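Have the structure open as you read.

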Amino acid sequence: MIKKNNLNPIKLIKYYKLINYNLIYNNKAINRYKKDNFEISADKTDNLEKLKKSILSINGCDIKKNAMNMVFSDGNPKSKIMFLGEAPGSSEDQEGLPFVGRAGVLLDKMLTSINLDRKNVYISNIINFRPPENRRPTDEEIERYLPFVKKHIEIINPKILVLLGSTAMNALIGNEKVISKVRGNWIEKEYGNCKTSVIVTFHPAFLMRQPAQKKLAWIDLKMIRDKKEKLKI
Ligand code: URA
């Protein structure tokens, strides 16, 4: 056994180098965040409650510490159409509901344009707590919340998954993807036992800054409407 006063870091490094270099110089990041791998049961409400509790028990997350409320979801958990945004803003943080601020007003209009509303879709975000100053979530934050997002998708089990903006797209489709190339296409994906058709479209906040892109978003919305009819949802 190594005595405490013998823990000379230089000597230890030499020793570890001698026996196994990778033991201390492993390039892989250590995942310090607890993954709550509860089994998904047949009871959706029960699963959603368990997921909420898992998210509330995340430790060591600054955005969680600084937020007023967890923003879990809105809409109908029985819906076969799920929308995922990026992260809550200030209005969402205050109300504990996603997309209730200015971007939410536009999202509601987008839903109405294809005869949908919050009673027949399900809405959540990649990150459940408001990042300070509405900054974009960091890669580390996205990585921390991703297992919960995937579990969320698996529980809701949507037939259509709409990713709003590049944060949701990068988190769930791939970091190398570019929204202008990916949007307007259906991508078949599996999250656990959930097989779903994914479409990426522009985030409503981006459309408010770039209204000229609304014509492309309208193409995506019509694709969602047609898919919904085809799948008889
Ligand atoms: N932007 C998002 O991505 N999500 C919200 O809930 C609100 C604004």
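Start at Leu161, whose bridge partner in β6 is Val198. This is a predicted model, in which local features need pLDDT of at least 70, side-chain atom pairs count only at pLDDT 80 or more, and totals for chains, interfaces and linings use all residues. Residues are numbered from 1 along each chain as its sequence is written, and side-chain values use heavy atoms, with hydrogens and water left out.

Strands β4 (residues 160-164) and β6 (residues 194-201) run parallel and are joined by five bridges. Strands here are DSSP runs of E with at least two residues, and helices are runs of H or I with at least four, numbered from the N terminus; two strands pair if DSSP finds at least two bridges between them. Helix α10 (residues 214-230) packs on the sheet, where it touches β2 (81-85), β4, β5 and β6 (contact means heavy atoms within 4.5 Å). The direction of α10 makes about 155° with that of β6 (axes are lines fitted to C-alpha atoms, for helices over the stretch in contact, with angles from 0 to 180 degrees between N-to-C directions).

Now step back to the whole sheet: it is open and mixed, with six strands in the order β1-β3-β2-β4-β6-β5. Because β1 (74-75) and β5 (187-191) stand at the edges with a single partner strand each, one side of each has no neighbour in the sheet.

Finally, visit Lys50 in helix α2 (residues 44-56). Lys50 touches Phe38 and Glu39, leaving aside residues up to four places away in sequence. Lys50 and Glu39 lie eleven residues apart in sequence and 9.9 Å apart in space, C-alpha to C-alpha.
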